Every structure is written in C-alpha cells, then in structure tokens.
Amino acid sequence: LTAKFFVGGNWKMNGDKASLGELIKTLNSAKLDPNTEVVCGAPSIYLEFARAKLDPKIGVAAQNCYKVKGGAFTGEISPAMIKDVGVHWVILGHSERRWVFGETDELIGQKCAHALENGLGVIACIGEKLDEREAGITEKVINAQTKHFADNIKDWSKVVLAYEPVWAIGTGKTASPAQAQDVHDKLRQWVKANVSEAVANSVRIIYGGSVTGGTCKELGGMKDVDGFLVGGAALKPEFVDIINAKQ
C-alpha cells in the first residue's frame with residue numbers, strides 16, 4: 001500500500017477539558033512515526049477544543065454526523081458544521097451506533113454518502129457480533145455492511161474501512177492476528193470483486209477491538225492490517241506506542 005499506516009483514536013464519550021488537555025499535551029510532545037497518519041475522534045462538544053490544541057499533523061474526527069446539511073434534527077450535527085470547526089473526518093457505523101442507538105445499514109450508508117459529498121473523510125466501521133461469529137456468518141454479515149457503504153461511495157480515496165469484531169470491543173478479547181488477517185483479506189477480496197482491483201489495492205483496512213501497546217506490533221505486522229481504530233488505549237499514553245507500532 002502506498003497510503004500511510006492509519007491509527008485512529010476513538011475517545012467515545014470520555015474525558016473533559018482537563019484530562020483531554022493532558023492527553024493532547026502528551027501526543028503533541030511525543031515522537032510520532034511520520035509514516036503513520038493519526039486521527040483522534042473527539043466528542044462533538046470538544047471537536048473545536050481538540051482541533052485548536054492538537055498539533056496540526058494530528059487529524060480530528062467527529063464520532064458521528066447526520067445525513068443532511070441542516071434542519072429540524074435536534075441533537076444532530078452535520079458535515080458542514082464539522083468542517084466549519086476545522087475538522088476533516090467522521091467515524092460512521094460504529095457498532096455502538098448500530099447496537100446501542102439502533103442505526104440501520106441504510107441510514108449509515110446515507111450518512112456516508114452525505115459526508116463524502118461534503119468533503120469529509122470517513123472511517124467506515126463494520127464488524128460481527130459474537131453470536132454471528134459463532135454461527136459462522138462473519139463473512140456474510142460484514143459483506144452486507146460493507147455493501148451498504150460501497151453503494152454510497154463514489155470516491156474511495158477519502159475512506160478508511162475499520163473492521164471491529166463487536167465481541168472484542170472493550171472486552172479485553174482481541175481477535176488473534178491470524179483472525180484479523182483472515183477477515184481483512186476476505187474484505188479486500190470483496191472490494192476487489194465488487195468495487196475494483198485498484199480500490200482493493202489502495203483502501204486502508206484497519207483493525208479495532210481491544211488494541212493495546214502489547215498487541216499492536218503483531219497485529220500491525222499482518223499483511224492486510226493497515227492500521228488500527230483504538231478505544232480505551234487511545235485515552236492513555238500507550239496510544240503513542242500504538243501509533244509507533246510499525247517502527
């Protein structure tokens with residue numbers, strides 16, 4: 001892959017100005033691998049704060065957005081607003097949006113189309129639940145989720161695919177490097193067959209699900225793992241070790 005290794009930190013609904021300010025100081029003063037693209041997903045109320053304080057070489061992402069530019073949608077934010085505060089990325093389809101807040105594949109696809117049309121980069125999240133893995137339908141589930149994204153993507157250069165097995169998020173269980181590689185390889189094959197070989201060769205497929213300083217090097221060494229989406233560890237100084245996993 002010619003594109004840089006990609007490490008996203010998803011802060012979820014955590015932190016305050018004091019603690020996030022400390023985290024930002026740590027990131028700004030750390031020696032980060034220049035060949036890794038880093039993006040931090042901040043709560044919407046802290047997007048402007050994060051963008052103002054973080055070193056410009058570190059990107060910022062919203063954790064969600066809506067599918068239209070504006071209107072009577074209480075509690076939502078639009079890509080236009082995200083861009084207006086200097087932020088260039090959004091995370092869409094995270095399993096918590098799907099399973100805690102009931103977002104459908106269809107809605108997530110519509111959000112993706114609107115975000116890309118308005119110039120945001122999209123971290124597109126897919127992944128199976130434990131019962132789905134145990135039923136042997138992992139591939140079917142993630143192919144269906146990926147198709148809803150793909151049907152809404154014209155330009156793949158602004159898209160990062162994030163595979164996060166739901167059973168590994170925040171549970172301390174990590175897919176083994178071989179399990180992650182297997183799914184990433186199958187995803188790349190799906191993109192090759194259903195989008196194009198060029199996109200399959202260039203799209204970054206990143207892994208999420210209890211990535212830590214201890215697991216990142218082996219995971220990052222897998223052929224089709226092009227980065228990470230990090231949850232809990234993204235709030236700790238070890239996030240620096242994860243960013244530097246390829247060094």
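This is a predicted model: local features need pLDDT of at least 70, side-chain atom pairs count only at pLDDT 80 or more; totals for chains, interfaces and linings use all residues.
I take buried to mean under 20% relative accessible area, exposed over 50%, and partly exposed in between, with a 1.4 Å probe and protein chains only. Residues are numbered from 1 along each chain as its sequence is written, and side-chain values use heavy atoms, with hydrogens and water left out.

**Entry 1: positive phi**

I looked up lysine 12 and found its phi near 50°, a positive value in a residue other than glycine. Most residues other than glycine have a negative phi. Lysine 12 sits in the loop between strand S1 (5–10) and helix H1 (17–29); helices are DSSP runs of H or I with at least four residues, strands are E runs of at least two, and both are numbered from the N terminus. With a relative accessible area of 19%, lysine 12 is buried.

I then turned to serine 210, which is not a glycine either and has a positive phi of about 55°. Its loop runs between strand S7 (204–208) and helix H10 (216–220). Serine 210 counts as buried, at 19% relative accessibility.

**Entry 2: nonpolar cores**

For a nonpolar core I use a set of buried Ala, Val, Leu, Ile, Met, Phe, Trp, Tyr and Cys residues joined through side-chain atoms within 4.5 Å. The largest one has 67 residues, and Trp11, Leu27, Val90, Tyr207, Phe228, Val230 and Phe239 have the most contacts inside it. H8 supplies the largest share of this core, five residues. Apart from it I noted another core, of 11 residues, including Trp89 and Ile206.

I listed the neighbours of tryptophan 11, not counting residues up to four places away in sequence; among them are Leu20, Cys40, Pro43, Gln63 and Leu235. Contact here means heavy atoms within 4.5 Å.

**Entry 3: H7 against H8**

I fitted axes as lines to C-alpha atoms, for helices over the stretch in contact, with angles from 0 to 180 degrees between N-to-C directions. The axes of H7 (residues 138–150) and H8 (residues 177–194) come within 11 Å and cross at roughly 45°. H7 is therefore oblique to H8; under 35 degrees counts as roughly parallel, over 145 as roughly antiparallel, 65 to 115 as roughly perpendicular, and the rest as oblique. The crossing is right-handed, that is, the near helix is turned clockwise from the far one by less than a right angle. H7 contributes residues including Ile142 and Ala150 to the contact, and H8 contributes Val183, Lys186, Leu187 and Trp190.

**Entry 4: H5 against H7**

The axes of H5 and H7 come within 8 Å and cross at roughly 35°. I recorded a right-handed crossing here. Asp105, Glu106, Ile108, Gly109 and Cys112 of H5 meet Gln145, His148 and Phe149 of H7.

Glycine 109 lies in H5 (residues 105–117) and is buried, with a relative accessible area of 0%. Leaving aside neighbours within four places in sequence, glycine 109 is in contact with His148 and Asn152.

**Entry 5: lysine 53**

I placed lysine 53 in helix H2 (residues 47–53). At 49% relative accessibility, lysine 53 counts as partly exposed. Beyond its neighbours within four places in sequence, lysine 53 is in contact with Ile24 and Asn28.
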